[in-house]
Amino acid sequence: MFHLTLHLADDALIIGHRNSEWTGHGPNLEQDIAISNIALDQIGQARNFYQYAAELCNNNREAYTKFISSPAFHQVSGPIDEDDLAYLRDAMEFRNHLLAELKKGDWAVTITRQFFISLYQQLLYTDLQYSADKRLAAIAEKSLKEVNYHVRWSGEWVIRLGDGTEESHRRMETAIDQLWPYVGELFVPADFQLEAAASGLLKNPEYYRQPWLEKTGAAFEQAGLMLPAPNWYQKGGKQGIHTEHLGHLLAEMQYLQRSHPGAQW
Amino acid sequence: MEKQATINLEQQFQDRVDQDIRIEPKDWMPEKYRQTLIRQISQHAHSEIVGMLPEGNWITRAPSLRRKATLIAKVQDEAGHGLYLYSAAETLGISRAEMIDQLHTGKAKYSSIFNYPTLTWADIGAIGWLVDGAAIMNQVPLCRTSYGPYARAMVRICKEESFHQRQGFEILLTLSRGTEAQKAMCQDAINRWWWPSIMMFGPADDASPHTAQSMKWKIKRFTNDELRQKFVDICAEQVKILGMELPDPELKWNAERGHYDFGKINWEEFWQVISGNGPCNKERIAARVKAHEEGAWVREAAISFANKRAQKQRPAVA
């Protein structure tokens, strides 16, 4: 449960962080606001999941913290909180999908990645809101309203860019080509997802593959884009084996917390 | 005859202004009034947009999730302010594209304060407290400015700005109660942002050529020096709550005037930064131009897509 909650939190934080890199640099003011808004929703979701993970951790500290080897984390005195989990774990202790941590790229990469992840989250949270775990269910229910909007917004952009100009179509093809090898990981269960499935908390993510492909296919068809064939995929994020990008992202995100141990901000 | 008609119109216009009746987009207005407003509102909009950059600089490094979320929300509010202000300026007959072009080519100015760098997290607090504080001091009277769309945009902006200012002060307050390193960070940020902040009110009254006309038209309600004094008086008290100091050895309460006296402003620096020689002028504009150019294909695609859809929906002509 702790790992599942952390995984959900990490996904939301890392993609939220990536999207927040657009703030002040969007293609126009309206879209600058829209992508920042999505980043805010995601960071809000991450906070809810981290707060819950922190509670779980504080209730059974020894059992959970043995999975975290970062010395900074172990120096925390007193109960841990959301920021300790976000700022004091090292890259190999993060459990997000690789897809979330890839660089933001151009607008085509950003919105395609957003569409892929939001669609996955939509399927996941729709089920999670009925989970036997009431806390996760409540967070999922709240987040789902936001995620529904993210799906709509990013889906509209997929269609707009796919069916926009020659250049936007070409950029979409490049983005899909770049991101596709990271899609497979969404549907392959990690141990903690198998455990969650066994205890009836959540479905095996394999279950979402087909509906995800159907929905993506439908959007791509409207956009005049081809759904790539299933192929070899990159994996490891959920086991803590990440791309090179996550280390840099965390170095930037965590530096202030790390260089002033124990300080309040 | 024609000249007489214009004089009458000008008189009627001034009468309305004198009676505090708002001027609306379709009303007759002197060309100079229109130009002054376009200059001032677009400058204000550009300041919001360029102002997103120094603060955005800390979004990916904000020290807690709560701070990260509030900073994103704040910078996003500024984009929103830019939008309302560009829209207000558009009612005067200029397009957003033209205004953005003027910003990118250097024809239009923006608040010089944003040409200073944000070097530590404390700068985010100092910007909130001092820069937003000075902006509010300038902007609250603009809620009563004579041009309707500008005044209405300012009402909404001022509400959000005062929220930002409180957030900024709270960042500094937290630092001021923190570790020695955090206290030092807080004082250093105040040292660097204080003087540029009080320059935000513009040149001294005797060096501000547009003030008299703008006051007559009620675009401006107070002079630069009046607002600056008010700001100094407030900050000189607030800084005590932080247990910090303002970097001005001449700052001293003057019981006779009922105001704080303060040291001489380095106007040479002010004019240098305005004329392009601040620490970040070139970077700020380069960042805006880059975002605009890299977004060009996105905007073109959106237009092309909208046109295609409109065409599909149009019934075929027999």
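Predicted model: local features only at pLDDT ≥ 70, side-chain atom pairs only at ≥ 80, totals over all residues.
Residues are numbered from 1 along each chain, chains are lettered from A in the order written, and side-chain values use heavy atoms, without hydrogens or water.

The axes of α2 (residues 31–56) and α4 (residues 96–104) of chain B come within 11 Å and cross at roughly 65°. Axes here are lines fitted to C-alpha atoms over the stretch in contact, with angles from 0 to 180 degrees between N-to-C directions, and helices are DSSP runs (H or I) of at least four residues. The crossing is right-handed, so the near helix is turned clockwise from the far one by less than a right angle. S42(B), H46(B) and V50(B) of α2(B) touch M99(B), I100(B) and L103(B) of α4(B), with contact being heavy atoms within 4.5 Å. Four of these residues are nonpolar, two polar and none charged.

Now for the gaps. A cavity is a set of points on a 1 Å grid where a 1.4 Å probe fits but cannot get out, and a pocket is an open set with protein on both sides within 12 Å along at least five of seven lines; lining residues have an atom within 4 Å of a point. Volume is the space filled by probe spheres set on the points. Two cavities reach 30 Å³ or more.

| Space | Volume | Lining by class |
|---|---|---|
| Largest cavity | about 90 Å³ | four nonpolar, five polar, two charged |
| Second largest cavity | about 30 Å³ | four nonpolar, one polar, two charged |
| Second largest pocket | about 490 Å³ | seven nonpolar, seven polar, eight charged |

Asp, Glu, Lys and Arg count as charged, and Gly goes with the polar group.

Around the largest cavity, the lining includes R67(B), W121(B) and H164(B), and α3, α5 (122–139) and α6 (148–176) of chain B each supply at least two residues. The second largest cavity has F2(A), F67(A) and R95(A) among its lining residues.

The second largest pocket draws on both chains: α5 (82–87) and α12 (244–259) of chain A and α3 (65–90) of chain B each give at least two lining residues. α5(A) gives the most, with three. Of the 22 lining residues, D84(A), Q257(A), G262(A), A263(A) and Q264(A) lie nearest the centre.
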